[in-house]
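Take a look at the model below.

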Amino acid sequence: MTHMNDPLVVFENVDKSYDGGTKVVDDLNLTIAEGEFLTLLGPSGSGKTTTLMMLAGFEAPSRGTIWFRGAPLNKVPTYKRDFGIVFQNYALFPHMSVAENLAFPLRMRRESRSMIEERVNETLDMVKLGPLKDRMPGQLSGGQQQRVALARALVFKPKMVLMDEPLGALDKQLREHMQLEIKHLHEGLGITMLYVTHDQSEALTMSNRIAVFDHGRIQQIGAPREVYAKPASTFVASFMGENNRLDGRVHAEGDGHVHVRTCAGGPALRAMPAADRPAEGQDTVLMVRPECVQLGAREGAENSFEGRVTDVVYHGDHLRLCLEVAGVGPLVVRHLVAEAEAEYQPGDTVQVCWQARHMHAFRC
Amino acid sequence: MSKKSRISWLLVAPLLALVLLGFILPIGYTLVKAVENPEVTAALPRTVTVLDRWDGEGMPPEEAFAALVTDIEEGQRGREFGSMTRRLNFELNGARSTLMQTRRSLDELSAPYSESLPAAIPEWGEPQLWQLIRTNSNPVTASFLLRALDLQITPDGRIEAVPEERAIFIDLFQRTFWISILVTLICILLAYPTAYYITTLSNRAASIAILLVLVPFWTSILVRTTAWFILLQREGPINAGLLGLNIVDEPLQMIFTRFAVYVAMVHVLLPFQILPLYSVMKRQGTDMLRAAASLGAPPWRQFLLVYLPLTMPGVAAGAVIVFMLSVGFYVTPALVGGLQDQMVSYYIAFFTNQSINFGMVAALSLLLLFFTGLLIVIARKLVPNLDTTIKA
C-alpha cells in the first residue's frame, strides 16, 4: 500500500550533458511524491524538458541515478517504465482511429478484447470524446487531439503521467479550460503527474508543488503560494509574475526587516530579507509586486511615498500606473478598476505605500 | 469565359499540347499500328476483290489466278510488293520466297493460269496460300496482338497456339514482370535501411550521403551498365579477386547471367527508392516512436506497428517508380544479360531495327502497357490505401 507523500521518484545528483561540456541539467536532486502534481517551470533551455526526457527514458543521465520506488531506473527502457506521456505535439498515430490509438497501450499489454473495449470506452467518456471514437486524428480539432493524447496516456493506468507542455498549441480559452480539466483528472484519479511548462499561470493553477528551473538547476521548489509570495531568488521573483526591481544597499537591520537605501539616495525602505539574506553594508536587490503597491496612505504600511504619474494603461479590470518616485526610482502599480477612486492622468501626484513583508531584499 | 480562366487556360496550354503530342497521339498511333493490316490489299487489289467472292473451300476460280498475275506484274516495281511479302511471311513461313519466285517466273506463265501457275510453283496448287491472302485482305487484324501472346490465326481463320519452338512472348512477358518485381523488392530491402540510416546522421553527414546516392545520376545509364560489364566479366576484377583469394578455382560466369541483370538494374534504380523513402522518413521524426515506446511497445513492435505503416508512403512511391522504370529496361539487360535474360523492350527494339515489323512493335508495346496497368490495379487491390499513401 502506498500513501500520498511517499517518494515515488528520486533524482539523485543527476547531470545531463550532450556535448560533454555544457550541463543542461546540473546536479539535480528532486523527489516526486506519490500522488502529487509537480510542475517543472522555467524558461526554454532551463533543463526542465530534459529532466522529463530522462524520467521518460528518452535520454540517459550523464551522471547520477534516477530511482523509482527505490529501484534504479537508468537501465530500464522506456517501454518497460509504464509511464503515460503526453507530448507537446500529441504524437497521435495518424494511421489509427481514436479508439485504436487508445487501444494501442492495452494491446501491448496483451489485454483481452473485451477488456480493451471496455477501458477504451470508459476513458473516452472520461474525457468526453465517446462520439468521436472512430474518427482519425487528422479529422479532429487541436483541443480534441489534446484530449485523445491525454486519454491515451491514462487508459492503461500508468504508474505516473508525464506531460511536456501539452497545452502549448491551444488558444487561451481552451488552455484555461483544459488546465482545470487536467487538475480534476488528477484529483479524481489520484495519479502522480509531472508537468513541464514555461507558463507560470498554468503552473500556479494546477500544481501541488512547483520546481522553478534555470540553467539546469532548481532555483526553488515549493507550493504555488510559497513560490509566488516568497521567491527565493531574484530569478524566481521575476520569472513568477511581474515585479518592480530596485537596486540599493543595506544600511541597517532591525525588527526582522532590513533597511535599504536605493541608488537614488532617498529615504530608507523596509523590506523582508530573503532566505539568502544580504548583510549590512552589502548591495541588494529589492522586489515588490505591482499588485502589492497601494494607492493612497494606509496605516501599518512601512513604506509610504509620493510619486508622479508618468503613464496610465487601461487593462479593463485593472489599471497599470507607471510612477516616478523621488528618491526610490520608477515603480509600476497595478490598481483594480473597481477600487479606483479617481481618474489618473500623467503628471498627477499620488500617494503610494506598501508593507515591508511584500518587499523582498535579495543578495546581489 | 472570364479573363481569369482565359489566362489559366493559356498557362496550361503548352502542357496540354505537350501531353497531346507526346503522349496521347503516340499511344493512339501505336494502338492503330497494332491492328492495322493494309499491306496485302495495297499490293494485290484485284486478287483481294476476287477472293472476297470466294467461299474459301477448295481452290479459288481461274479469275483469281489471273488477278494475282496482273497484280504482281503491275506492282513489280512498287514498294507495296515487298511489304506484302514480309507481311505474309510473318503469318506463313516461306510465303515470301514463294511470292518472289512467282514474280521471277511471271514471263514463263500463260493462260489459263490456274494450270500454269501451280505447274510452275506447286504452292499455288494448295488452298493454304490463297486462304492466307483472303484472310489478310481485312484492313484490321488481331494477328500481331495474338502473336504477342503466342497465338496465331490459321489460314482457315482459327486461333491456335503457335508451335512450341516459336512461342517466346508469354515467357518474355512473364520474365519481364518477374525481373521487375524482384528488382523492386531488392530495391526496397536495400533502400529501407539505407534511408533510415541517413536520417540518423547529422545534417552535414546526411547531405554527403544523399550526394553519394545522387552521384550515379550524373553518369549515363550506359556508362554505369558498362562499368558492371567490366566488373563482372570473366577476366574482371571480381573474378580476379576471388581467384586471388582462392575462393574459387576457375572464374565464375557472372556476365551474361540473370544475376548480372539484377545487380546492374538494382544499382541503376536504387536512388529512385531511397530518395522518396528518405524524404518520408525525414518528416517522421522520433516523436511517434517515442510515443509508441511510452505506451509499452518494445522496439520491434514500434517498428512494425508505427514506423513501418507511417513510412509506407515512401515505400509505395519508390516502388511504383522503380517498377515502372524496370518494366521498360532495355540497355542494361541487353549489355550484361544473356539471351534468356532479355526483356520486352529488347524485342521491341528487335522488331524496330532488325525485322522492321511495326505491327509487332505496336502490339508488344500495347500489351506491356496493358499488363503494367493490370499489375498496378492488382497492387491497389492488395494494398488498399496505396493511392492515399502515394498521395501523402
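Chain A is assigned two domains: domain 1 spans 7–236 and domain 2 spans 242–363. The model is predicted. Four residues of domain 1 of chain A and six residues of domain 2 of chain A make the contact. On the domain 1 side, the residues that touch domain 2 of chain A are two nonpolar and two polar, with no charged ones.

Next, the strands of chain A. Strand β19 covers residues 349–354 of chain A, and β15, residues 294–295, pairs with β19(A) in the antiparallel sense over two bridges. Strand β16 of chain A, residues 303–314, also runs antiparallel to β19(A), joined by six bridges. Which residue of β19(A) is the bridge partner of Gln294(A)? That partner is Cys353(A). Ser304(A) has its bridge partner in β19(A) too, and this is again Cys353(A).

Now go to a helix. Helix α3 of chain A runs over residues 113–126, and Ile116(A) sits in this helix. Is Ile116(A) buried or exposed? Ile116(A) counts as buried because 20 C-beta neighbours lie inside 10 Å, and 20 is the number from which a residue is called buried. Beyond the neighbours within four places in sequence, Ile116(A) is in contact with Ala103(A), Leu106(A), Arg107(A) and Glu111(A). Ala99(A) is 17 residues from Ile116(A) in sequence, and their C-alpha atoms are 9.7 Å apart.

Chain B has its own assignment. Domain 1 of chain B is 1–31, domain 2 is 39–139 and domain 3 is 169–391. The C-alpha centres of domain 2 of chain B and domain 3 of chain B are separated by 51 Å.

Last, the two chains together. Their contact takes 16 residues from chain A and 14 residues from chain B. On the side of chain B, α15 (287–294) and α16 (299–327) each supply at least two residues. Which element gives the most to the side of chain B that touches chain A? α15(B) does, with six residues. By class, the side of chain B that touches chain A has nine nonpolar, two polar and three charged residues.

Notes:
Residues are numbered from 1 along each chain as its sequence is written. Chains are lettered from A and ligands numbered from 1 in the order in which they are written. This is a predicted model: local features need pLDDT of at least 70, side-chain atom pairs count only at pLDDT 80 or more; totals for chains, interfaces and linings use all residues. Helices (H or I, at least four residues) and strands (E, at least two) are DSSP runs, numbered from the N terminus. A residue is buried if 20 or more other C-beta atoms lie within 10 Å of its own, exposed if 12 or fewer, and partly exposed in between; C-beta atoms are placed from the backbone. Two residues are in contact if their C-beta atoms, placed from the backbone, lie within 7 Å. Domain bounds come from an automatic or database domain assignment. Ala, Val, Leu, Ile, Met, Phe, Trp, Tyr, Cys and Pro count as nonpolar, Asp, Glu, Lys and Arg as charged, and the others, Gly among them, as polar. Two strands pair if DSSP finds at least two bridges between them.
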